[in-house]
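Thanks for making time this morning.

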Amino acid sequence: MFQLPFPVHDANAGGGSDAFGNLPEWDLTDLYTADDAPELARDLDWLEQECSAFAADYEGKLADLDAAGLLDCVLRNEKINAIAGRLMSYAGLRYYQLTTDADRAKFLSDCQEKVTVFTTPLVFFTLEINRIEDDKLNALFAANADLARYEPVFRRIRAMKPYQLSDELEKFLHDLGVVGDAWEKLFDETIAGLTFTVDGEEMNIEGTLNFLTDQDRSKREAAARELARVFAENIKIFARVHNTQAKEKEIVDRWRGMPSAQMGRHLANDVEPEVVEALREAVVAAYPKLSHRYYELKRKWLGLDRMEVWDRNAPLPMEVSRTVGWDEARDIVMEAYGAFDPRMAEIADPFFNKGWIDAGVKPGKAPGAFAHPTVTDVHPYVMLNYLGKPRDVMTLAHELGHGVHQVLAAGQGEMLSSTPLTLAETASVFGEMLTFRKMLEKAKDQNERRVLLAGKVEDMINTVVRQIAFYDFECKLHEARRGGELTPDDINALWMSVQAESLGEAFDFMEGYETFWAYIPHFVHSPFYVYAYAFGDGLVNALYSVYEENPEGFQEKYFDMLKAGGSKHHKELLAPFGLDASDPKFWDKGLSMISGMIDELEAMEDWILHAKPCA
C-alpha cells in the first residue's frame, strides 16, 4: 500500500497576501500539471502494465536468480515504487489543500484504489525474498556491489519474516487496505469540516487552536470550551474511527503473531523495542524535573493559584505579543541555517521561491503541518498553517529541516532514501534548535532571553513529555480495545489517566478536556508514530551537545548522516558522533539539556526576586 502524507506536527498558518505578507502556495506541476494531464494517464497505464509484467517475469523465481538478475528485479521494483509514489503524492497533496472538495476526495480515492489493484500482484516480492536462505542471499551480496547497496532494504523486509502470512492472505490484506484508508479520510474530512464560534467569530480548528496561545486568558478559556463543545458533539464519530482502526490492527497483529500492538511500528522504524522502552522510562522518570517543575514556575509567572488546560501554552506575562510576518520568519530561519552551514541555506532556498511551500490557512485545508518527500526525482513539499506566531517560525524551521533532509537523502534512490521515523525527526528538530540558538544569541536583555528560553522549554516539553504521554495513551487504548468495544467515556478515561501524570500538580482539568484526544491525527493515520518526536528531540539534544563540545568537523558528519537516508541503522549513523541510542544513559544526556534550561529559568526567577535596588 502506498500511504498518503499527513499532518505530523501541531502548527498554525494563514493564506494569501494579508497581515503576514505574501504567503506561498504549492505549485504541484513538478508532479503533474493537472488531474487530467496526459502524463498522469500515461503513468497509470504504465504502472498497470509493468506490475503485471513484473509478476509474470519474477513470481516464483526470486530464489533462482543470480546476483545480476536479482539486481535487475530490485531496480524494476524501485521504478514501480517511484511511479506509484508520484501518483499518490500528487493526489494526496492536492487533496490536503482542500479536503472538503468532493472531486479531490474522489480523485484521491480512485488513485488509491487503482494503485492498490495494480500493485497487488507485487505482494509476492517481499514474501519470496523472505524465503531465500541467509547464506545464499549473503553470497549474492558478496558477488555484486550494486546489489549489496540494497542490503538494508532486504534486512528491513526480512525483519517481518517471523510475522509473514500466506501469499493469499498477504494479497488479501493488501487489497483490504483501501477500506482502512476510508476511515482515515472520514477522520480528515470530519476534522476539516468542523466549525467553532469564539467571541462571535466562526472559524476552523486551526484558528480556534490558535486562541490557546492568546495573551487574553478569557479568549483562551472560550476557545478551550468551544473545542470541548464541538468535540463532544462529534465524539461518537471519533470513537467509531478509533474503535474500528484499533480492532482492525488487533486482528492483523493477532494473525501475524505480533507480540505487541507497538511491534509493527518498531519494525517500520528499524528500532529495537527495548530502545523505545528505555526512552519511555527515561522520560516518565524525568516528568518531575521537567514538566512538573516548569509548569509550577509558569503558574507563578501567570499569578495563578491553579493552572487550567488553556494556560498550558499561554504566553508569559512579560512576553510582548507580536505578529511575525512571513518575510521575517523566512529570514530568521535562513540566517540560522546559513550560520550553521551555507549549504543548509542553499538547499532550503528553493522551498520559498519555487512553490514548494503552502503556508496559508484556508477553508477546507488540512490542519497542522508536514513535509512530504514525494519521490526522489522531484522534491519535497512543505505544508504549514501560518498565523504569524513565534511558534509558527519554529514550525517553519522544523518542517524545512525535514525538507533539507529529504533533499539530501534523495541521492539514495527510492528504496533507500526513506528514513525511519525515529531518525526522520533529526533534521527537523535540529533545524528548530539552530533557529532557537540564533534567536537566543540576539536577545536584547534578560527578559527577552527568559521568554525565549521558556518558549523553547515548552516546545521541548510538548515534543518529549506530551508525545510520550500520547504514546502511553495509545498503548492503553489498543490494550483496552482487545477486551471489547470502547465507549467514548472509556476512551476519555484513558486520555485523562495520562494527563495529570505528565503535566503535574499545577493543573486543574476543565470539564470537556477528556475529549481532546479526538483531534490528534497521528492516532488514526499512524498508530504509535508519536514516540518518534521524543526520540528525535532526545537525539538532537545529544547531537547538539556534541556540536557545542567539539564543533570541528561536525557539519560534515551531520551532512553524511542526512545523506544516508534509510541506508544505515541508527547505531551506524550515530557512531561517528560517539553516541548510542541503545545506551539508557543516552536519553539522560538529551533530557539534561531541557533540565538545564529550566535551571537557568529558575536562577533568573531567583535573581529577580532577590535583586535589591542600588542605594
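I will begin with the helix and then turn to the salt bridges.

Please keep in mind that this is a predicted model, in which local features need pLDDT of at least 70 and side-chain atom pairs count only at pLDDT 80 or more, while totals for chains, interfaces and linings use all residues. Residues are numbered from 1 along each chain as its sequence is written, and side-chain values use heavy atoms, with hydrogens and water left out.

Which residues of H22 are buried? They are Ile491, Asn492, Leu494, Trp495, Val498, Gln499, Ser502 and Leu503, where buried means under 20% relative accessible area, exposed over 50%, and partly exposed in between, using a 1.4 Å probe and protein chains only. What covers them includes helix H11 (235–256), helix H14 (288–302), helix H21 (465–481) and helix H23 (522–525). Just after H22, Gly504 takes a positive phi of about 100°.

Now to the charges. The structure holds 44 salt bridges, each being a side-chain nitrogen of Lys or Arg within 4 Å of a carboxyl oxygen of Asp or Glu.

In one of them, Asp57 pairs with Arg76, with the closest N and O atoms 2.8 Å apart. Asp57 lies in helix H1 (residues 38–58) and Arg76 in helix H2 (residues 67–97), so the pair ties together parts that are 19 residues apart in sequence. Asp57 is partly exposed at 38% relative accessible area, and Arg76 is partly exposed at 24%.

Helix H14 also holds a pair of its own: Arg299 and Glu296 are three residues apart there, separated by about one helical turn, and their closest N and O atoms are 2.4 Å apart in a salt bridge. Arg299 is buried at 17%, whereas Glu296 is partly exposed at 28%.

Finally, Arg449 and Glu600 meet in a salt bridge at 2.7 Å, N to O, and this pair links distant parts of the chain, 151 residues apart, with Arg449 in helix H20 (residues 446–463) and Glu600 in helix H27 (residues 584–610).

Conventions: Helix = DSSP H or I, 4+ residues; strand = E, 2+ residues; numbered from the N terminus. Contact = heavy atoms within 4.5 Å.
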